[in-house]
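This briefing concerns a predicted model.

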Amino acid sequence: RLARAARTEPVRRAMELDPEQADYFTYTGWAMYRANKGSMSEIEGYLRQALRISARSDQAYYFLGLIAKREGNEDLAVEHFQKARVINPRNLSADRELDVLKKRQQSGSFGKIFSRNK
C-alpha cells in the first residue's frame, strides 16, 4: 500500500503545482479506471476537468470513449471517438475504435434485417 501511495504522490503533487495541465487530469482518470480505483464519477470527473482546462484534449475524449465502450454504451463511445477525431484527425486510435464500433453496429443491423425467426 505504501508503494502505491508513493507512485501516486508525484502525480498529485504535479496537479497541485500546475493545475492547468489537462494531461495530468486525463492520464490520472484513465489510470484510475484501468486500476479499478475510485468511483466512476470520480474517474470521469478527472477526464471532464481535463476538458474544462482544454476543450481540445482529444486524448480525454478518446479515454471517455474507451470507458463508454467498455461499460456497454456504444452510442456514447462513438460520440466521444468522433469528438477526438474532429479535434485531432491523426488520432489513429480513435479511428480504429470508430471502425470497430461502426462495423459492429452495421453487422448487428444487417443480422436483424436478415435473421430467420424460427
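The expected span of a helix is 1.5 Å times one less than its number of residues. Helix α2 (residues 22–34) has 13 residues and should therefore span 18 Å, and the 19 Å between its end C-alpha atoms agrees with that value. The model also holds four salt bridges, and six aromatic pairs are counted.

**Helix α2**

- The buried residues of α2 are A22, F25, T26, T28, G29, W30, M32 and Y33.
- An α-helix has 3.6 residues a turn, so residues three or four places apart point the same way.
- Just after α2, N36 adopts a positive phi of about 60°.

**Salt bridge between E74 and R104**

- E74 and R104 form a salt bridge in which the closest N and O atoms are 2.6 Å apart.
- This pair links distant parts of the chain, with E74 in helix α5 (residues 74–87) and R104 in helix α6 (residues 92–114), 30 residues apart.
- E74 has a relative accessibility of 22% and therefore counts as partly exposed, since buried means under 20%.
- R104 is likewise partly exposed, with a relative accessible area of 40%.

**Salt bridge between E79 and K83**

- In the salt bridge of E79 with K83, the closest N and O atoms lie 3.5 Å apart.
- Helix α5 contains both E79 and K83, which are four residues apart, about one turn of the helix.
- E79 has a relative accessible area of 38% and is partly exposed.
- K83 is also partly exposed, at a relative accessible area of 33%.

**Salt bridge between R85 and D95**

- R85 forms a salt bridge with D95, and their closest N and O atoms are 3.2 Å apart.
- Because R85 lies in helix α5 and D95 in helix α6, the pair ties together parts that are 10 residues apart in sequence.
- R85 is partly exposed, having a relative accessible area of 30%.
- D95, in contrast, is buried, with a relative accessible area of 18%.

**Aromatic contacts**

- By the ring-pairing rule, six aromatic pairs are counted.
- The ring centres of Y62 and F63 are 5.7 Å apart and the planes stand at 45°, so this pair is tilted.
- Y62 and F63 are both buried.
- The rings of Y62 and F81 have their centres 5.8 Å apart and their planes at 45°, so this pair is tilted as well.
- Y62 counts as buried at 12% relative accessibility, and F81 counts as buried at 0%.
- Ring pairs join Y27, W30, Y33, Y62, F63 and F81 into a cluster.

Methods:
Residues numbered from 1 in each chain as written. Predicted model: local features only at pLDDT ≥ 70, side-chain atom pairs only at ≥ 80, totals over all residues. Heavy atoms only, no water. Salt bridge = Lys/Arg side-chain N within 4 Å of Asp/Glu carboxyl O. Helix = DSSP H or I, 4+ residues; strand = E, 2+ residues; numbered from the N terminus. Buried < 20%, exposed > 50% of the residue type's maximum accessible area, 1.4 Å probe, protein only. Phe/Tyr/Trp six-rings, centres within 6.5 Å; stacked < 30°, edge-to-face > 60°.
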